[in-house]
Amino acid sequence: MSGTAKPPVPLSSRVLGALLASSFIVALGYGIVLPVLPTMVERLAGSADPTFAARHIGFLTAAYVAAPLAVAFLWGRVSDLIGRRPVLVVGLIGFAVTLAASALAPNLLLLYVGRILNGGFAAAVVPTALAFIADTEGDDDRRARTFGWVSMASIAGFLLGPMLGGLAAGWAFDSGKAVPLLQAAPFLLASGLALAAAGGVRLILPGGRVTGQPVDTKNRKTSTFVPGEIRLLALASVAAAGLGAFEVGLTLRNDELAMSPAELGFTFATCSVVMFAVQGLVFSPLVKPAATKVLVAPAFLVMAIGLAVIPSITAFSEMLFAVSVVAASAGVISPLLAFWVSRITARSQGVELGIQAAAVSLGLSVGSAGAGLLFGFNGLQGAGFLTAALVMALAATASLKLPRLIAPATADPRTVPAGRIPE
């Protein structure tokens, strides 16, 4: 039944709530891990060597974000064929199971396996949620704002996740000895929420595929890139690389700055609050989607400056300011690029947003692994930040010329519903 094509269903508040909750919970599960990861690696490896820990933290983070490279496109294609709802349900259930398995991993090898599988299932959730929105929201203003809400829901999850993870990491030591059960508690909480979200999606979202064809993609070949699409995907990957290097580098600098796990969690929470506020402004009714084009290049430049100054910072208050600068920039770049790609594409939304998820995952994995490797060498601890800053500055130049927000229409917009999946 789920493979039967059905007419488009308006995006109701209940449906939107289910999509936002799904995005929130996946981000929550990811954010919980960051402050806990150093203590988990130390406990499972039985080594307090900072070089050893730095490399594994970078690789574990890269393992999670690299998994969508292999499966994001497939998830998108499957969601085009059988509908968005079953893919979201499977993704959330798989995410719940693998998150719990990661928390209870008895050794580093199984922790790696758990993180890879966890990232693979996570790749089914947000791109599919965005594709569902693109199916039903033909108006540019509404689509841009709804994309922004999904991004803000993810940020809210990332806000709460590090706080819970930081508290767990602090509680997980009793007289200097790690208590694995306390480390696992927030993971299991997020796992339970993911199962609840899967049930909500199954009950609330309509099944089947959405019929119709986007106004600006009718009669185009779905195997080709439209002008400017590759540039947008490359910029999304570059922005993600900077964010990956930032997250891992910040996690690894907590010892150098004498930050407790709770302070590290608070730092990531500050990052999320700033991103939330910035996106709330950028995607508000006060700002038209077409006008946001001029924000991308300045955001890349500001992000480069923020990353460049982090290695020289020694005070916690100064670090919070630099984190806010990077977060504000990332909060502008990522959702805007996602919106543009979904609007100009000649492909179905599931496939296109799966391709974008793979591009973002590539950037995150390269940035995370690179920061972890460089941090493990004496004298190169700040190289990851500086390299990322240079790349962001180059991206600022490349983003001065972006494609038009709306590609030329080849059909009458009064008779063809915008943003729908072709049969």
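Modeller: This is a predicted model. Here the crossing of α10 and α11 is left-handed. The axes of α10 (residues 296-309) and α11 (residues 316-344) come within 8 Å and cross at roughly 145°.

Colleague: Which residues of α10 and α11 make the contact?

Modeller: From α10 the contact takes V296, A299, F300, V302, M303, G306, L307 and V309. The partners on α11 are A322, V325, V326, S329, A330, V332, I333, L336 and W340. For the spacing, the general idea is that an α-helix has 3.6 residues a turn, so residues three or four places apart point the same way.

Colleague: How many nonpolar, polar and charged residues does the contact of α10 with α11 have?

Modeller: The count by class is 15 nonpolar, two polar and no charged residues.

Colleague: Now the cores. Which residues have the most contacts inside the largest nonpolar core?

Modeller: They are L19, F187, L205, F246, F300 and L307, in a core of 113 residues. Helix α1 (residues 13-45) gives the most to this core, namely 16 residues. Another core, of seven residues, lies apart from it, and includes A72, W75, A124 and A357.

Colleague: What does L19 touch?

Modeller: Leaving out residues up to four places away in sequence, L19 touches L11, L88, A129, F132, I133 and L205.

Colleague: Which residues in α13 are buried?

Modeller: A383, G384, F385, A388, A389, M392, A395 and A396 are buried there.

Definitions and conventions. Residues are numbered from 1 along each chain as its sequence is written. This is a predicted model: local features need pLDDT of at least 70, side-chain atom pairs count only at pLDDT 80 or more; totals for chains, interfaces and linings use all residues. Side-chain values use heavy atoms; hydrogens and water are left out. Buried means under 20% relative accessible area, exposed over 50%, partly exposed in between (1.4 Å probe, protein chains only). Helices (H or I, at least four residues) and strands (E, at least two) are DSSP runs, numbered from the N terminus. A nonpolar core is a set of buried Ala, Val, Leu, Ile, Met, Phe, Trp, Tyr and Cys residues joined through side-chain atoms within 4.5 Å. Contact means heavy atoms within 4.5 Å. Axes are lines fitted to C-alpha atoms, for helices over the stretch in contact, and angles run from 0 to 180 degrees between N-to-C directions. A crossing is left-handed if the near helix is turned anticlockwise from the far one by less than a right angle, and right-handed if clockwise. Ala, Val, Leu, Ile, Met, Phe, Trp, Tyr, Cys and Pro count as nonpolar, Asp, Glu, Lys and Arg as charged, and the others, Gly among them, as polar.
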